[in-house]
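Open the structure in your viewer and keep the selection tool ready. We will go stop by stop.

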Amino acid sequence: MILARLALSAFRLRFLVLLPLALLAACVGATGSVDIGSTREVSVDRSAALAAINAFRTENGLGTVRFDPVLGKAAERQARAMAARGDLSHSLDGALPSRVASFGYDWAAISENIGWNYRSTPAVMTGWKDSPGHRRNLLNTDVTEIGIAAATGPDGEPYWALILGRQKAPR
């Protein structure tokens, strides 16, 4: 009888510990799980964005970054996923490390800025520079490449994604 109660108590304890973890995991979407068919890419002046980021980094004593097409595709997917759901979120289509890895980017450093309802590339860049967390990402000394994209969904509002990274050195 005592062993049965102990086993039941152990089961309850495991259940109480694992249930919140399972619920938390359910909040993070699986990579590529969002249907982006209802979205469209918004034209982004990537040259202007790259120039603005590099000028900002140079003003702050840092090296420049370059555009990476793989990070560009990952940023486009994230912008379109947010637009499809009408939700500004870093994790609705999976965690950033798994999202960029799914595009074949073998990252050593990775960070992301997202934005909503900015109507132009200069406007979103100003917003990110003025936000402490986004500013920190723009001035991350560990990154060497970027990808940037914007998209709209059924609500017509633009969602932006900027992914900054550095790939692992080839072995």
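Is Glu145 buried or exposed? Select Glu145: its relative accessibility is 5%, so Glu145 counts as buried. Buried means under 20% relative accessible area, exposed means over 50%, and partly exposed lies in between, with a 1.4 Å probe and protein chains only.

Before moving on, note what you are looking at. This is a predicted model, where local features need pLDDT of at least 70, side-chain atom pairs count only at pLDDT 80 or more, and totals for chains, interfaces and linings use all residues. Residues are numbered from 1 along each chain as its sequence is written, and side-chain values use heavy atoms, leaving out hydrogens and water.

**The whole protein**

Zoom out. Helices (H or I, at least four residues) and strands (E, at least two) are DSSP runs, numbered from the N terminus. Along the sequence, the pattern reads α-β-α-β-α-α-β-α-α-β-β. Of the 171 residues, 40% are buried.

**Salt bridges**

Side chains of opposite charge can pair when their charged atoms come close. A salt bridge here is a side-chain nitrogen of Lys or Arg within 4 Å of a carboxyl oxygen of Asp or Glu. The count comes to 7 salt bridges.

Glu145 sits in strand 4 (residues 145–152) and Arg66 in strand 2 (residues 66–67), 79 residues apart. Arg66 counts as partly exposed, because its relative accessibility is 43%.

Next, select Asp93 and Arg77. The closest N and O atoms of this salt bridge are 2.8 Å apart. Asp93 is in the loop between helix 3 and helix 4 (96–102), while Arg77 is in helix 3. Both Asp93 and Arg77 are buried.

Now select Arg99 and Glu112. They form a salt bridge too, with the closest N and O atoms 2.9 Å apart. Arg99 belongs to helix 4 and Glu112 to strand 3 (residues 107–116). Both Arg99 and Glu112 are buried.

Pick Arg80 in helix 3 (residues 69–85). Its relative accessible area is 19%, so Arg80 is buried. Beyond neighbours within four places in sequence, Arg80 is in contact (heavy atoms within 4.5 Å) with Ile36, Thr39, Arg40 and Ala151.

Finish at Lys129 in helix 5 (residues 121–130). Lys129 is partly exposed, at 25% relative accessibility. Leaving aside neighbours within four places in sequence, its contacts are Ala52, Phe56, Arg135 and Leu138.
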